[in-house]
Amino acid sequence: MTTDAERPLLRVRDLKTHFTLKAGGLFSGTRKVLKAVDGVSFDLAPGEVLGIVGESGCGKSTVGRTLTRLEDATGGTAEFDGQEMLSLSKADFRPLRREIQMIFQDPFASLNPRLTIEQTLSEPVRIHGLETTREAIRERIARTLTQVGLDPKVMSRHPHEFSGGQRQRIGIARVMIVEPKLVIADEAVSALDVSIQAQVLNLIKDLQTESGISMLFISHDLGVVRHICDRVAVMYLGRIVETAPRATLFSAPSHPYTKLLLASIPRIRPGRVAAEDRGEPASAAAPPPGCPFHPRCGLATDICRSERPLPVDLGNGQFSACHHAGNQQGEAA
Amino acid sequence: MTQSKPPLLDVRGLSLSIATGGSLMPVVRDLSFSLNASETLGIVGESGCGKSLTSLAIMGLLEGTPVRVTGGEILFEGRDLLTLPARERRRIMGNEMSMIFQEPMTSLNPVYRIGDQIVETIREHQPMSKTAARARAVELLRMVRIPDPQGRIDSYPHQLSGGMRQRVMIAMALAGSPRLLIADEPTTALDVTVQAQILKLIADLQSETGMGIILISHDLGVIAETCDRIAVMYRGRVVESAQTRDLFARMRHPYTRGLLDSIPEPDEDVERLPTIPGRVPGLDERVDGCAFHPRCARASDICREQDPAETAFGGGHAGRCHHPLEPDA
Amino acid sequence: MTPNATVQWFATGRRIFRGRWLATLGLAWLVLVVLAAVFAPLIVPYDPLEIDPVARLTEPGAAHFFGTDHFGRDTFSRSIYGARMAIVIGLGSVVVALLVGGLTGMISAYFTRLGAFLMRVVDVLMAFPALLLALVLMTILERSVMNTVLVIGIVYATTTARILFGMTLKLKNEVFIDAAVCSGAGHASVLFRHILPNLISPLLVQASFIFAFAQLQAAALDFLGLGLPPEVPSWGNMLSESRIYVTRAPWLLLFPGALIILSVFSMNLVGDALRDSIDPRFKNDIKGV
Ligand SMILES: Nc1ncnc2c1ncn2[C@@H]1O[C@H](COP(=O)(O)OP(=O)(O)O)[C@@H](O)[C@H]1O
Ligand SMILES: Nc1ncnc2c1ncn2[C@@H]1O[C@H](COP(=O)(O)OP(=O)(O)O)[C@@H](O)[C@H]1O
Ligand code: SF4
Ligand code: SF4
Ligand SMILES: [Mg+2]
Ligand SMILES: [Mg+2]
């Protein structure tokens, strides 16, 4: 989908989001910095779906929340359609909110229980002045509800009257109703049951293909990511450790962490080489020096313990931030 | 295994209902399965299908909930737990069978050191001195592969990672040397890498101790990898059960098939996921005949009228369907 | 109100009061008080201000159900008008407390920097016992219905601010608030369209407690001669005037005293019932004032 000549819709460079935590005992009151996102760079082409995967706590959501300005970036830049947006004031950013939308994980928590579906869906339409008359707004809501597979008649109901899958459709309607250019989906199907998850995934895929929206699809589920993404970025402790086109990532992963992830997924059909026991990630508040993955890596050498690896271009759009990338293809993690 | 020895656990026709304002709403209907020592049975199904209630019923933990056992037997080594005197049942509950849950953080008390919590559990099961119990606690922590158990025993729960906390929970479950372990979504809150470790640990412990294990999960992958037998539940019933290999080689129930097909897998590309239309009907919605018929492509008139009885397909493979799929489908 | 909404209200009421006979009795008593207040002129046998020197300190009887005071004024009629004052003081204090305290709490939780300052002020005010704070404020102001309402309202605005601060902090971190921000909602819309409606039921509970405690405060101020002007027939003033004659005319103490206690107790019972029926998330936030 992406051609080299095209300007990326979103261009993120060295994005950093740090949180200050109060740490230590009751009286010491020292402050600790948690580097949730610490130097993330990627491009997203128009119409492209980029997956972000990684274990919980690696900073996936924080990337999404920073790009929607729900969290403040500590450093770095993000150009949307050629315009730097992290340095904009909140007021100047507001018009961009129409272009950049977010689908949230929890279909139960993401809808205001006190508002009807019509009230929830009309809000962005009114704020961004997309329709002016009440009739036009209702018509647009009805159209969008149909688009996401719901009966427009449900408009007058409250969230508690819907099942999880239906609520997630409403969440998707809230995003689609403003015709955005970029959608950030944060674990959009993770809370749903398998049979419902498949329905919603198909819906997201259809809507994305029809409208050519760019999407940042955040998920911990590699099966889901493979199904929906064109390209995948793997995050570990606040950084991207590998980026590759979908086919490459799943058939020829380069980074030892990617391999560990792939080997850990329980498979329905037998044949997986079981992953070795590689412990758990270090805390983001105290990442190991050098390559943050080195305590869990079977290939770690001295350089891994002291120097942070930079992404290496392996060709065909595959990048791997590993000192030994490129010379260990085929070895097991 | 001799003929005369009864299975470790034999659940026969278990039915559970929820008492709501005077009436009883069935949640689990006529559920049967059995489990031998050293065997792992997987129960899989979408949320709300009755997996947890079934395990709570086996453990005798339904007291204080609106859920009532309305029929059936739960035979543990031949003795019906439902008719056993309360004292005897409590003794079996902690010692001979135990259970681990999804949320390792909520099951541990945050203000006590994990060692003290394990010691307390041990001493509940068998009277022994604090020192002896502490030694046993260290041994249990070693069993669940916690590195440096001597050092970790004095940690507080929040000082441990999610995976380590689940290991502690498993250690506590092992305190009475149970012969049956029920694990209800033990890895659902964990990351895949940690999940793989915990599942492997459970399998290792089984080969060391010969426990029978019931593993409950909504994740067919987890079940497929770890279980000898699988029971697929839909809306309070087991709709299909078989040896794991059999089930995947010769799936007979349309729901099992639909469930499998709708899972996007990391090893294959599909353009469009096949889906099961509609949703699971709520408990308060009445569905006549086969509970799956509103969503089933094979449904016929008889499906809408008559609840299918269990059919044996041979080789321990059974299911409830009027029009089962062809074995090689 | 549409018939449908009426049915719904009725159903909600039934849910809250079902099996709580004490709270139901409390509610019944409060309904009586409100009816008395509304229809006071139709009920009273005498003008509550009318002095009758001949009938001074008459014992309760057929002519004067609750007896008369040292001016010969009919205690029953004064008590009925006292219900009016009770309602005015209660509602007025609730409005002031919820407006001032509610806004302070919500805004403090939402704008954290301003909030840190405002909540410090609230903490300082809360360091004074409620009655002391009311006394200090009333000594500065002159005795009037308006000032009494204002002062009691301000006193309870502090606790209201604390409670709403906590609840708004919680709601502010709800995912649906993030979602609203992503839809482009500004501060006012987030605060009043998304947060406030979720606070209505806890606010109602809080209001019921303030209403009850305002009665006690008002009575105490009246008793100390700092509340309503002395000629106003309020239960507190009646109580205050009864002091001198308490041995000769105990009914002067008995009737207004009983009315105050019954009303406060009833309001508390109703408040408890309301509290137990609301959103469990907030149950621990509201502990009364
Ligand atoms: N608002 C916050 N304040 C402090 N720490 C936070 C905040 N949000 C996230 N974190 C921390 O940042 C890290 C990354 O979190 P998150 O982006 O949610 O990870 P993921 O979505 O990959 O699971 C975690 O350690 C998390 O605890
Ligand atoms: N304590 C309870 N009171 C009322 N209903 C319950 C209770 N526990 C479970 N249920 C209902 O029973 C059904 C089965 O629940 P459960 O066994 O927990 O499902 P599962 O574990 O398969 O997700 C669900 O519809 C659930 O809402
Ligand atoms: S840099 Fe070294 S430690 Fe890090 S992933 Fe590569 S080989 Fe492993
Ligand atoms: S019994 Fe009928 S409706 Fe039920 S699963 Fe079988 S074919 Fe489908
Ligand atoms: Mg996340
Ligand atoms: Mg469950």
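This is a predicted model: local features need pLDDT of at least 70, side-chain atom pairs count only at pLDDT 80 or more; totals for chains, interfaces and linings use all residues.
What pLDDT does chain C average, and what share of the residues score at least 70?

## Confidence in the model

Chain C has an average pLDDT of 87, and 95% of its residues score at least 70. Within chain C, the lowest confidence falls in helix 1 (residues 3–17), where the mean is 79. Helix 8 (residues 175–182) of chain C sits at the other end, with the highest confidence, at 95.

For the complex, the predictor reports an ipTM of 0.89 together with a pTM of 0.88.

Now to chain B and its ligand. The shell around ligand 2 includes the run B:Ser47, B:Gly48, B:Cys49, B:Gly50, B:Lys51, B:Ser52 and B:Leu53. Also around the ligand are B:Ile18, B:Val27, B:Pro66 and B:Leu283. Helix 1 (residues 51–59) of chain B makes the biggest contribution to the shell, supplying three residues.

## Backbone contacts with the ligand

Have a look at the backbone here, where oxygen atoms of ligand 2 meet polar atoms of the chain. A polar backbone atom of B:Gly48 is 2.7 Å from an oxygen atom of the ligand. For B:Gly50, a backbone N or O atom lies 3.1 Å from a ligand 2 oxygen, and for B:Cys49 the corresponding distance is 3.3 Å. On its own, ligand 2 has 560 Å² of accessible area, and the protein covers 65% of that.

Key
Residues are numbered from 1 along each chain as its sequence is written. Chains are lettered from A and ligands numbered from 1 in the order in which they are written. Side-chain values use heavy atoms; hydrogens and water are left out. A residue is near a molecule or strand if one of its heavy atoms lies within 4 Å of it. A polar contact is a pair of N or O atoms within 3.5 Å; within protein, one must be able to donate a hydrogen and the other to accept it, and residues adjacent in sequence count only if both atoms are side-chain atoms. Accessible areas come from the Shrake-Rupley method with a 1.4 Å probe; for residues, only the protein chains shown count as cover. Helices (H or I, at least four residues) and strands (E, at least two) are DSSP runs, numbered from the N terminus. pLDDT is the predictor's confidence in each residue, from 0 to 100.
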